Amino acid sequence: MKVYLTHTPEALANYYGERALAALRRVAEVRLNESGEHPSGRALAEAAAGCEAIISYRQSPGEAATFAHAPDLVAFLRCAVDIRNVDVAAASAAGVLVTHATPGFIPAVAELVLGQMVDLARGIGAASAAYHRGEVPPARMGRQLAGSTLGIIGYGAIGRYLAPLGLALGMRVLVADPKARPEDARIEHHPLERLLAESDIVVCLAVATAETENLLDAAAFARMKRGALFLNPSRGNLVDEAALLAALESGQLGGVAMDVGRAPDQMPTPALARHSKVVATPHIGGLTPQAIEHQAFDTVRQVTALAEGRLPEHAVNAAAATRLARLGMKV
């Protein structure tokens with residue numbers, strides 16, 4: 001079968017990898033996106049003309065116009081967990097299968113959170129930057145993680161991985177999640193308001209939905225201990241950025257680390273990232289070879305299943321995917 005891979009050359013190197021590409025080429029005829037742009041809408045349909053499957057990088061959305069103008073398309077395979085910018089209803093109306101990948105970035109994101117916590121607590125990045133400029137930074141009193149209280153908002157896959165790491169560092173660990181409770185008795189489960197009030201360090205790992213838009217707003221920051229540290233490795237729309245800046249400026253927050261924000265591709269907003277109390281990274285939480293290959297190989301297995309006439313794993317609309325019949329599958 002023929003597959004169109006939407007990743008630009010840079011995204012291909014950073015978010016798919018040569019090993020996965022080689023594996024994909026063993027099971028399908030692969031057409032690469034060499035435009036340097038992230039195609040969408042009708043342009044994506046035209047780029048993928050003649051292909052039965054599209055493997056989509058997160059910046060190439062699955063829009064109604066794509067499904068309406070891609071008569072050869074059987075499956076739209078997202079090389080990511082998040083499919084919020086895929087119009088599943090439009091895909092279903094066209095009979096196109098939609099799948100997603102599984103989270104292989106859990107250790108990578110948790111490790112980045114640990115690094116950012118240490119940086120915020122000890123000022124490592126700021127001191128290094130001063131030395132790089134030829135300056136001698138002042139010796140600054142730091143914070144000790146052991147004995148501090150870590151509050152984790154959201155007890156999903158990353159939260160479950162991060163919480164024991166906090167315990168291993170000698171931290172008191174609190175979790176706020178209305179839909180999940182820790183099994184480990186050492187991890188305390190509390191309402192969000194109490195977690196904010198008692199934590200020295202708050203990590204936002206909530207799922208981004210319409211209900212959690214601006215979950216961390218002015219009222220939430222006001223509930224936190226004065227001088228507390230806040231980290232957001234999840235999604236930018238969980239945070240009211242005007243309220244975050246105000247909390248930084250007033251000293252309510254002692255420091256912030258962000259790997260995401262409201263800039264394009266969920267990048268940190270530059271106006272916030274430049275703040276002297278902010279440690280920012282350009283959406284690299286899942287950017288390790290192990291993490292990217294996990295999701296890339298998910299798509300390889302999905303294409304393999306399609307080529308063999310089997311329903312691939314992690315399909316979200318199999319009952320509506322009538323075009324699977326073209327591959328010999330019963331729908």
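Here is what to select, stop by stop.

Before you click, note that this is a predicted model, where local features need pLDDT of at least 70, side-chain atom pairs count only at pLDDT 80 or more, and totals for chains, interfaces and linings use all residues. Residues are numbered from 1 along each chain as its sequence is written, and side-chain values use heavy atoms, leaving out hydrogens and water.

**Stop 1: the whole chain.** Switch to cartoon view and you'll find 13 helices and 12 strands (DSSP runs: H or I of at least four residues for helices, E of at least two for strands, numbered from the N terminus). Along the principal axes, the C-alpha atoms fill a box of roughly 65 × 50 × 35 Å.

Stop 2: Now colour by burial: of the 331 residues, 50% count as buried, meaning under 20% relative accessible area with a 1.4 Å probe, protein chains only.

**Stop 3: the second largest pocket.** Select Arg122, Gly123, Ala126, Ala127 and Arg140, which lie nearest its centre among 24 lining residues. A pocket is an open set of points on a 1 Å grid over the protein atoms alone, where a 1.4 Å probe fits, with protein on both sides within 12 Å along at least five of seven lines; lining residues have an atom within 4 Å of a point.

Which helix gives the most to this lining? Select helix 7 (124-132): helix 7 supplies 5 residues, the most.
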